[in-house]
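Here is a short report for a reader new to this structure. It starts with the chain as a whole and then turns to aromatic rings and the surface.

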Amino acid sequence: MQLDDSDAVLVLITPKLMDSEWVRDEVTLANTRRIGLLGVVWPADDGHDPSSAAVAHQLCPDQRIDLTRPARAYDAHEPLDAQELAAIDRTVFTGRAVAVAARIRDLVDQAPDALAPDFAVGDRLADGDLRLTRVEDDAPWVGRIVPFRPPILDLWRWREEVRKHAAEAAGLVVCYPTLEENDPRESPYREICDAWGSRTTPHVLLRGVHL
């Protein structure tokens, strides 16, 4: 699902928002999959509308924008002004960073279990990567945590980094979130990447981490 690879989800919180089954499902999915939710209350209500509240309570205060206009000036066809657009832009920028950081923390916490029993996790390297030891042959590997399923060009670039800066490493393990078990894109992606990663030097191994 495309939502699985999203940095964050921007929700336009309107009075009838939760009348939509699709919106309810996507809000629930975003929360379940640790995908950041950013909300814009538009038009600003009096704080008692149950539809807006149903979504707004799932958003942190710093992830919600209330675009308040006096009732007499409100026009459904009036565009947002520059100040309002700037507020949305700031919140999306900072909210995206918060959401990605939270996903990375979850991945770091769960990486040791995801890598066991094939790899033992050691300390962190200077660049934030994990120092790994492959159990079967005691060979040193490098572990990298990424918040989204990486493109193959990134895998190639990361392999070159390991080759240059960690020449003793036998391979690179890339841990990324696998959020949708029935994602039709996962199988062809893994077939291509796993085939390439097993032939290259150092080896590149993908390890999906369920969040």
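## The chain as a whole

Of the 211 residues of the chain, 40% count as buried. Buried means under 20% relative accessible area, exposed over 50%, and partly exposed in between (1.4 Å probe, protein chains only). This is a predicted model: local features need pLDDT of at least 70, side-chain atom pairs count only at pLDDT 80 or more, and totals for chains, interfaces and linings use all residues. Residues are numbered from 1 along each chain as its sequence is written, and side-chain values use heavy atoms, with hydrogens and water left out.

The chain holds five helices and eight strands. Helices (H or I, at least four residues) and strands (E, at least two) are DSSP runs, numbered from the N terminus. From that end, the order is β-α-β-α-β-α-β-β-β-α-β-α-β.

## Contacts and surface area

Take the contacts between residues at least 6 apart in sequence: 70% of them join residues at least 24 apart. Contact means heavy atoms within 4.5 Å.

The chain exposes about 12200 Å². Carbon and sulfur atoms supply 55% of that area. Accessible areas come from the Shrake-Rupley method with a 1.4 Å probe; for residues, only the protein chains shown count as cover.

## Aromatic pairs

The whole structure has two aromatic pairs. Rings of Phe, Tyr and Trp (its six-membered ring) pair if their centres lie within 6.5 Å; planes under 30 degrees apart count as stacked, over 60 as edge-to-face and the rest as tilted.

The rings of F119 and W141 have centres 5.2 Å apart and planes at 65 degrees, so this pair is edge-to-face. F119 lies in strand β4 (residues 119–124) and W141 in strand β6 (residues 139–145), so the pair ties together parts 22 residues apart in sequence. Both F119 and W141 are buried. The rings of Y176 and Y189 have centres 6.2 Å apart and planes at 75 degrees, so this pair is edge-to-face. Y176 belongs to strand β7 (residues 171–177) and Y189 to helix α5 (residues 186–199), so the pair ties together parts 13 residues apart in sequence. Y176 counts as buried at 1% relative accessibility. Y189 counts as buried at 14%.

## A charge over a ring

R149 lies over the face of Y189, 5.8 Å from the ring centre. A charge sits over a ring if NZ of Lys or CZ of Arg is within 6 Å of the ring centre and within 35 degrees of the ring normal.

## An exposed leucine

L153 is in helix α4 (residues 152–165). At 66% relative accessibility, L153 counts as exposed.
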